[in-house]
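Take a slow look at the fold below. Then read on, and find each residue in turn as the text names it.

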Amino acid sequence: MSEASGGLPAGVTSRTVETPRLATYLLESGPESGVPVLLVHGNVSSSRFFDETLAALPDRYRGLAPALRGFGGSGTKPLDATRGLRDFSDDLRSLVETLGLRSVHLVGWSAGGTVSIQYAIDHPGTVASLTL
């Protein structure tokens, strides 16, 4: 159910995934059966930060670059500041579950690195590796 989107590199598609928490804009590359690599962007950015990275991934990987809540084409909802980065972490977990993935390799850049760390703390059994 992916569709090519204007301005994206060859092999990269976009779609919006409805999760129980949030409508999440997602860039993808590679086969659905590939090893899932979740790329988490930084502040004042979006999933488009990783479009060339997604295009360059070897075919054995399934690249997934969601736009975090309030960024790119993803939905906006208030954040509970008392929870730190857990709203972002919970949004990612909801996406991973909706996609039917058991574990992911997490790659976090800038603020996406701290979100990825929170995800690894909250869901350690579902993280194959963490790269910051």
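**A walk through the model**

Val44 sits in the loop between S4 and H1. Helices (H or I, at least four residues) and strands (E, at least two) are DSSP runs, numbered from the N terminus. This is a predicted model, where local features need pLDDT of at least 70 and side-chain atom pairs count only at pLDDT 80 or more, while totals for chains, interfaces and linings use all residues. Residues are numbered from 1 along each chain as its sequence is written, and side-chain values use heavy atoms, with hydrogens and water left out.

Is Val44 buried or exposed? Val44 is exposed, at 73% relative accessible area. The cut-offs are these: buried means under 20% relative accessible area, exposed means over 50%, and partly exposed lies in between (1.4 Å probe, protein chains only). The backbone of Val44 deserves a look too. Its phi is near 55°, a positive value in a residue other than glycine. Most residues other than glycine have a negative phi.

Ser110 also has a phi near 55°, again positive and again not in a glycine. Find Ser110 in the loop between strand S6 (104-108) and helix H3 (111-122). Ser110 is partly exposed, with a relative accessible area of 49%.

Now step back to the whole chain. How many helices and strands does the protein have? There are three helices and seven strands. Read from the N terminus, the order is β-β-β-β-α-β-α-β-α-β. The radius of gyration is 13 Å, close to the 14 Å that the globule rule gives for 132 residues, so the protein is as compact as a globular protein of that length. That radius is taken over C-alpha atoms, and the globule rule is 2.2 Å times the number of residues to the power 0.38. Along its principal axes, the C-alpha trace spans about 40 × 30 × 25 Å.

What share of the residues is buried? Of the 132 residues, 47% count as buried. The accessible surface comes to about 6,500 Å², and 54% of it belongs to carbon and sulfur atoms. These areas come from the Shrake-Rupley method with a 1.4 Å probe; for residues, only the protein chains shown count as cover. Contacts tell of the fold as well. A contact means heavy atoms within 4.5 Å. Take the contacts with a separation of 6 or more: residues 24 or more positions apart account for 64% of them.

Two serines let you see such contacts. Ser47 is in the loop between strand S4 (35-40) and helix H1 (51-56). Ser47 is buried, at 1% relative accessible area. Leaving out residues up to four places away in sequence, Ser47 touches Tyr25, Leu27, His41, Ala65, Pro66 and Ala67.

Ser89 belongs to helix H2. Its relative accessibility is 0%, and Ser89 counts as buried. Again leaving out residues up to four places away, Ser89 touches Val115, Gln118, Tyr119, Asp122 and His123. Pick out Asp122. In sequence, Ser89 and Asp122 are 33 residues apart, yet their C-alpha atoms are 7.8 Å apart in space.

Next come the charges. Side chains of opposite charge can pair when their charged atoms come close. A salt bridge is a side-chain nitrogen of Lys or Arg within 4 Å of a carboxyl oxygen of Asp or Glu. By this rule the count is ten.

Start with Arg15 and Glu28. Their closest N and O atoms are 2.6 Å apart. Arg15 lies in strand S2 (residues 12-18) and Glu28 in strand S3 (residues 23-29), so the pair ties together parts that are 13 residues apart in sequence. Glu28 is buried, with 8% relative accessible area.

Move on to Arg69 and Asp91, which meet in a salt bridge of 2.8 Å, N to O. This pair links distant parts of the chain: Arg69 is in the loop between strand S5 (61-66) and helix H2 (86-98), Asp91 is in helix H2, and the two are 22 residues apart. Arg69 is buried at 7% relative accessibility, and Asp91 is buried at 6%.

Arg83 pairs with Asp90, with the closest N and O atoms 2.7 Å apart. Arg83 is partly exposed, at 26% relative accessible area. Which residues join these pairs in a network of salt bridges? The network links Arg21, Arg69, Arg83, Asp87, Asp90 and Asp91.
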